[in-house]
Amino acid sequence: MIPQLQDPSPVSLDPYGWIVRLPDIDRDFWLDSVLSLQYPDFRDLEAWAEFRAISRRLADQHLTSEIRQCLKTFFGPVGCEYLIVENLPIDPHLPLVPLDGMRSSGKQGVSEAVIAGLIGDRAEIFSYANEKAGSPIHEVAPVPGLELSQSNAGRTPMVYHTDGAFLPARFRPKGLLLLGLLNVDTDTLIMPAAQLMDAASPDLLDALGQPWYRHMQPASFPGGAVPNPRPILWIGKRWHYPQVTTSSSSIEPINAAASDALSEFRRLCAHLTPIRITIQPGTALLFRNNRVLHGRNAVGGDRWLQRAYFADSLEPFRTATNADPLAFCFDTQSLLQWS
Ligand SMILES: [Fe+2]
């Protein structure tokens, strides 16, 4: 369990992550400054860019130097696996939890401004056209009728996975930001690739590092081409840190050795103890999508998080899809053409 912070200084939780808390006075002034900010129609690219710019400026005024330094480190080339920022402002008057996975038009724009401000110009927020109608900020809440789905709309425990595993690496999120608006009882689970590597046998590591696994598209991405086979767990060539990619839906091993390794990998995941984080209202969890698996417990009570994907640069996405220079929303079927 994550300890409750009283001190605003960053605290290292384990070899993988940090937690830091915004003082009340900074939270309150930040809230005052964003209350009048109007959340734009994100399909208006210039309006969305302006919202991001204003949110970035306001965040920089109210985040402490310690938190800005933590964010800079987290988003840097080596960074750390995850970062928790507590005591952030959220909307004082939240509407009812959305039942359709989409943003309520009556919602204030506080939490969106906080998300855009935390990411700032340290990374680029982006979305996939096939998910949540291309919205750059996703509503993560159970949707009636989809309770059993392995997706952000479900209530059933979500298996360990990384997001966008079916896509080529350059089109997957570098990381995710989850901001709590309401959360009664659901833990988010984090399993670092380094923890898996430490626990896996040499033979298993060798098998998981082979391009033997097809990561199929999850339920939240309808339709599509069959992805190329890729590895699951390996050491990155550039920065030499452990990396992991695995789909939340089916993974199709291409041979018997891959099938055995996948079964052993799943047993290993079930055996290891994850990092458990209950994302409370006003808490943001940021994590590196290629360096940790994530999952969640069953959702018993109300739960409403907001989520944003981020990447270092959107130029590879825009070039691949011949998109507008301000575009942030990309069709996964077009991206899959570049597998
Ligand atoms: Fe996910």
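Which residue in β16 does H138 stand opposite? The legend for strand β16 gives the answer. The model shown in every view is predicted.

View 1. Along the principal axes, the C-alpha atoms fill a box of roughly 60 × 45 × 40 Å. The secondary structure comes to nine helices and 17 strands. Of the 339 residues, 44% count as buried. Now take the contacts with a separation of 6 or more: residues 24 or more positions apart account for 79% of them.

**View 2. Strand β16 is largely enclosed by the rest of the structure.** This strand runs over residues 303-311. Eight of its nine residues are buried, so the rest of the structure largely encloses β16.

**View 3. Strand β16 pairs with β4, β5 and β7.** Start with β5, residues 138-140, which pairs with β16 in the antiparallel sense over three bridges. Here is the answer to the opening question: H138 stands opposite R307 in β16. Next comes β4, residues 124-128. It pairs with β16 in the antiparallel sense, over three bridges. I125 has F310 of β16 as its bridge partner. Look for L177, whose bridge partner in β16 is A308.

**View 4. Helix α2 has a buried side and exposed residues on the other side.** Helix α2 covers residues 45-62. At 1.5 Å a residue, its 18 residues should span 26 Å. The end C-alpha atoms are 26 Å apart, which agrees. Seven names to find are W48, F51, R52, S55, L58, A59 and H62, which are buried. They cover an arc of only 135° around the axis, so they lie on the same side of α2. On the other side, E46, E50, R57, D60 and Q61 are exposed. What covers the buried residues? The cover includes α1 (24-34) and α4 (110-119).

**View 5. Helix α7 also has buried residues on one side.** Helix α7 covers residues 256-271 and has 16 residues. From first C-alpha to last, α7 reaches 23 Å, close to the 22 Å expected at 1.5 Å a residue. In this helix, A258, A261 and F265 are buried. Their arc around the axis is only 60°, which puts them on the same side of α7. A256, S263, R267, A270 and H271 are exposed on the other side. Which elements do the buried residues of α7 pack against? They pack against α6 (202-208), β9 (213-215) and β12 (251-253).

**View 6. The largest nonpolar core has 86 residues.** In soluble globular proteins, nonpolar side chains tend to be buried together. Which residues have the most contacts inside this core? They are Y82 and L177. Helix α4 gives the most to the core, with seven residues.

**View 7. Y82 and its contacts.** Leave aside the neighbours of Y82 within four places in sequence. Y82 is then in contact with Y16, G17, I190, L285, L286, F287 and V292.

Notes:
Residues numbered from 1 in each chain as written. Predicted model: local features only at pLDDT ≥ 70, side-chain atom pairs only at ≥ 80, totals over all residues. Buried ≥ 20, exposed ≤ 12 C-beta atoms within 10 Å, placed from the backbone. Helix = DSSP H or I, 4+ residues; strand = E, 2+ residues; numbered from the N terminus. Pairing = 2+ DSSP bridges. Expected span 1.5 Å × (residues − 1). Arc of directions from axis to C-beta. Contact = placed C-beta atoms within 7 Å. Core = buried A, V, L, I, M, F, W, Y, C linked by C-beta atoms within 7 Å.
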